[in-house]
Amino acid sequence: MPSAARLTAILRTLHWRRGLRAGFAVATAMIVCRLLHRPMGWAALGGFEATLVDNGGPYRSRLYTIATVTFGGALCGIIGTLAPQDLILAALITAAICFAVTFARVASQPIASTAVIILVIYFAGFGSADRTFTAALTNTIAYILGGLWAGTLSLFLWPVDPFRPARLEVAACYDLLADFTANLHIASPTHNDHDDDHTRAVEFKRQLRAKLESAHAALNATAARAPVRTVRARNLNVLLETADLLFAAAVRLTELAEFTSNNTTLPNAIANIARDLSGAEHAIATGLRTRPADNAASFGPKGSHRLQYVIRPTALLPTPDPADALHTHLIADQRDALQNIDIAFEAVRAVWTGADVRPGAATISSGAPSMPESLPGMGGIDKPDWLDALQQNWTLDSIMMRHALRMAIIGAVDVILIHTLHISHGFWLAMTSIIVLQPYSVGVVRKGVQRVAGTVGGGILAAVLAASIHSYTGIIIVITACSVLTLATYAVDYGWYSFFLTPTFVLMSLPYLRDWRYAGVRIVTTLLGAIVAVVAMRVLWPQSLTMELSRLLSRSASACAAYLRAVLLWWNIPAADRNPAERTILAPARRACGLASQDAEEALDRVILEPSLPVLATAGSAAPTAESALTFTTYIRRFTQCVTTLAFVGTPDARTIARLKILNHRLAAICAALDHKSDCANSPTTAPAPLPDATTPTDPNSLAEQMLQRMERQAGVLERAAISITTPAQTNTSLGVPSLTVSP
């Protein structure tokens, strides 16, 4: 590729809108401070950090994230500034702050996205030259005002949505699907157009498959931090998988129609079903392309879309006639399609509101009761999600607990080094350590090399700029330009991000004009900080990301299987004794599932968030595996939520128990496929017994039946994701387990 063309391709990968927005926020904050004859650094820092953490998406989640970094950073900045000069007390306070902020990442997405930046603000306050209460208050107010201005700019005046390309790709999938469903031609096998219909279906499947792959690629390339734990990313992934299942439903309708040539009513029934499905799919596409005026309330439990396309059709489903096999199959297919539409509606709503819906919170049947807020024995579920997450991770088996302890130790060590060696501007050392330090050693080495290389180059540039600029006007212009380039490269390449970040921060905190030696201090302290981080990762609970990801995905499947077995055990306990048994049987299994999912998501985030510019990219790509792993982590969490609901609304009849045992066997096979050294792979298992005949009629509208059907579909998605992860080139391979759903 010619150098000019390569440069153009690289420039196109940068996120210029985010960069320009950051530059504008920082420049305006500095100009206002300059006009008021106030220091510029803290206000510019507040504007820069608030813009940095804005990943786009639902307004509520963006607001929480910006508020967290603004007010959480302000609080830690005050604590850092007022930290005592006594070495022991300073080290203990620093260790406590580092542990608390890092461990709190498991509690919520806003904290997970901002924890490192909050610690950066703490050390910026810790390194302040003036450590009086008045200075701490003044700096904090400037930081908050800068953050509020940047938040207003990001939320209302200049919003940027990095998920927009992926969202539009998913919407295009549903548009294509709706057009196909609307144009279903109900013809008999002897009809002259039958072959043409089959050819059209094959061609459409090729088009939809290409569109789904394009949407997966767009989602995987989204420039957002912590995408695995982002509500919008998870639900866009659910929408893609659901589109695949809805296409399978449309194909089954055409196949079923081939046997209705002698039936006078079924062709019309199939045409009506196809029309309703097409309308629902068009509504989903429209709801994804642009933000609905009602903030997606029409997709909610009592919304107009759900009423029109889900609740009413479900209420009108006729009772199956055992003597009419075709009619019975048609009703079953329609019910399955309606459940998939319901899941898609939940996902669309979550995309815009930023809040996942717990399975069972709303059911598709107008006659089926919603899951109550509390049921006897549900003490473990009544507690807030954030508290449950903290309890799940309060163990040394948790990767995040070990990482929080590691951060606490390193924070204290950095303080001791700064005081003992009398390092000038030593807060740069601590900042580098906490930024470079990652839960996995491979990330630390790679990130450390990138940061050191970028910082050294950026430090040299900062020294040249600091020696060359003669006025504060020039400082403002250069900081603005560096801010633009820092945010433009933020989610593209960490080395270049570090390169532009260094002159940005050096010039923001420059004690006085033309102090080129300050950049040299930055380079030296960065080298020391990176060395401390790498040594800590090698000594304190070292983790290998390459080996960990597949093992952690396997462990999450194994935890879900154990949760199913715990439910079966709990159901065997007399009802009067279940309340205390829930705390000893279900709660530990549920916490184990949450812990395994958390660790897998953290590992996958590290895989996705190490992108490179095209010029630095190596041959081959792990993108397909990352896409499949994202699907896996999304659905394993949804599976766990369904098990939790089923445990309290299900009944231990023979058929339900048999279905759960089959699901347990499927999860064990998934676990063994992902990790051949796991307990699942080494423990021989016998195939589950076939399903017994139902002794009593099953209510298809009951919440328990809906949860079972969801779990069976989710298990199919997990199987396909596991196959793609382990054998990317052989996506049609079977795991050799029974399936209760039809895979598209």
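Let us begin with Asp333, which sits in helix α13, residues 325-353. Helices here are DSSP runs of H or I of at least four residues, strands are runs of E of at least two, and both are numbered from the N terminus. The model is a predicted one, in which local features need pLDDT of at least 70 and side-chain atom pairs count only at pLDDT 80 or more, while totals for chains, interfaces and linings use all residues. Residues are numbered from 1 along each chain as its sequence is written, and side-chain values use heavy atoms, with hydrogens and water left out.

Is Asp333 buried or exposed? Asp333 has a relative accessible area of 17%, so it is buried; the term means under 20%, with exposed meaning over 50% and partly exposed in between, for a 1.4 Å probe and protein chains only. Setting aside neighbours within four places in sequence, Asp333 is in contact with Arg252 and Leu256, where contact means heavy atoms within 4.5 Å. Ala250 is 83 residues from Asp333 along the chain, and the C-alpha atoms of the two are separated by 9.4 Å.

The secondary structure of the protein chain comes to 27 helices and zero strands. Of its 744 residues, 56% are buried. Among contacts in the chain with a separation of 6 or more, 82% are accounted for by residues 24 or more positions apart.

Next come two pairs of helices. The axes of helix α2 (residues 16-35) and helix α19 (residues 472-489) come within 7 Å and cross at roughly 155 degrees. Axes are lines fitted to C-alpha atoms, for helices over the stretch in contact, and angles run from 0 to 180 degrees between N-to-C directions. The angle therefore makes α2 roughly antiparallel to α19; angles over 145 degrees count as such, under 35 as roughly parallel, 65 to 115 as roughly perpendicular, and the rest as oblique. Residues making this contact include Trp16, Gly19 and Gly23 of α2, and Tyr472, Ser483 and Ala488 of α19.

In the second pair, helix α3 (residues 41-52) packs with helix α7 (residues 133-157) at an angle of about 35 degrees, their axes 7 Å apart. Among the residues in contact are Trp42, Gly46 and Gly47 of α3, with Tyr143, Gly146 and Gly147 of α7.

I now move to two residues with polar side chains. Ser278 lies in helix α11, residues 266-289, and is buried, with a relative accessible area of 5%. What lies 2.8 Å from a polar atom of the Ser278 side chain? The backbone oxygen of Ala178 does. Leaving aside neighbours within four places in sequence, Ser278 is in contact with Ala178, Thr181 and Ala182.

Thr644 belongs to helix α24, residues 623-649, and is buried as well, at a relative accessible area of 10%. Its side chain makes a polar contact of 2.9 Å with the side chain of Tyr563. A polar contact is a pair of N or O atoms within 3.5 Å; within protein, one must be able to donate a hydrogen and the other to accept it, and residues adjacent in sequence count only if both atoms are side-chain atoms.

I close with the cysteines. How many disulfides are there, taking a disulfide as a pair of cysteine sulfur atoms within 2.5 Å? The count comes to zero. Cys593 is in no disulfide, and the nearest cysteine sulfur, that of Cys560, is 4.2 Å away. Cys593 is buried, with a relative accessible area of 1%, and Cys642 is buried at 0%.

Conventions. Disulfide = S-S within 2.5 Å.
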